[in-house]
Amino acid sequence: LYLENVSRLHTLLDYSKRIHVTSYRVSSSLFPMMTHPEYIVIAKDIFEDGVFDKLKSYDYSSFELSTHPGQFTMLTSLREDVNDASIVELNMWGEISQYLPIDVINIHGGARSLGFDHHRKLFNSNFAKLTQRTAGRLSLENDEKSYNASEILLMCQDVGCMMVYDFHHQRCFEKRSKDISIEEVDLQNFEIICSAVQTYKTATPLFHLSSPKSGWRSGGFKDWCAHADFIDIQDYPTSTLTHPDFRSLSYSMRLDIEAKHKQLALAKLIMDLTI
């Protein structure tokens, strides 16, 4: 299964190269069960007996790769076993980055039931347990319910890790409590967005973009959070990304398109932007 998954990854990268996509999010399920306590030894043996060589055989120089472990991978849980398992999972990706050049390992803030300050300290403590290779690749992303962009930025600045700013999540977070346009959300967070760019030392700054499934005028918070099939051109943060102060910070950036129709959504967005 591991060998088949790597073969499929390479096929997807070949396709991405043909359509001029240079940033790719590697599936967090590429190596299932690899950190499971009952399988970790045999998984490591399998990885070293063939998978390692297959990974190294590909030319990744055309791509910038990231990965996004699932929602239960966090460093802020009140359960020590959850944090410990997450550290193992993240360090696994750090090790794999030696052979598959992933430069951003992105997770959410996670738990905060006892308040921001308490879980911020938990994050700092558990971040210190990551290997140097993993810590240098870790990023935190703001979400729509628990951690807004300003809080995630503070946590990233605490430990010196990268921040992935998610435009859609911040828009949902702020529109949940007040009547505000997405343009106003972007404007109010412009300094945070610029600060997020400055958390990157070697990797190209990474952002996320999506549209609400039924549009901003339909339903409520829950409906807004669901990702649409495509990106509505009105949701593209043109004013932010073309702002002279933003462009002066970085000559390039990468944008993960989180849409159900994947490459079709990307093709449509590119077409909409060029009309």
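**From surface patch to salt bridges**

The model is predicted. I42 sits in helix α2, residues 40-56. Together with M33, Y39 and I46, I42 makes a nonpolar surface patch of about 380 Å².

Helix α2 also has a packing partner. Helix α1, residues 2-18, packs with α2 at an angle of about 30 degrees. Their axes are 9 Å apart. Angles under 35 degrees count as roughly parallel, so α1 and α2 are roughly parallel to each other. The crossing of α1 past α2 is right-handed.

Now the charges. The structure holds eleven salt bridges. One of them pairs E258 with R25, with the closest N and O atoms 2.8 Å apart. E258 lies in the loop between β7 and α13, and R25 in strand β1, so the pair ties together parts that are 233 residues apart in sequence. E258 is buried, at 12% relative accessible area. R25 is partly exposed, at 30%.

R112 and E151 meet through their side chains in another salt bridge, 2.7 Å from N to O. This pair links distant parts of the chain, 39 residues apart: R112 is in the loop between β3 and α4, E151 in helix α6. R112 counts as partly exposed at 25% relative accessibility, while E151 is buried at 15%.

E174 and K178 form a salt bridge too, their closest N and O atoms being 4.0 Å apart. E174 is buried at 11%; K178 is partly exposed at 41%. Elsewhere, salt bridges with shared partners join R25, D256 and E258 into one network.

Terms used: Residues numbered from 1 in each chain as written. Predicted model: local features only at pLDDT ≥ 70, side-chain atom pairs only at ≥ 80, totals over all residues. Heavy atoms only, no water. Patch = residues over 30% accessible without salt bridge, like charges linked within 9 Å, V, L, I, M, F, W, Y side chains within 5 Å. Areas by Shrake-Rupley, 256 points an atom, 1.4 Å probe, with all protein chains shown as cover. Helix = DSSP H or I, 4+ residues; strand = E, 2+ residues; numbered from the N terminus. Axes fitted to C-alpha atoms, helices over the stretch in contact; angles between N-to-C directions. Parallel < 35°, antiparallel > 145°, perpendicular 65-115°, else oblique. Left-handed = near helix turned anticlockwise from the far one by under 90°. Buried < 20%, exposed > 50% of the residue type's maximum accessible area, 1.4 Å probe, protein only.
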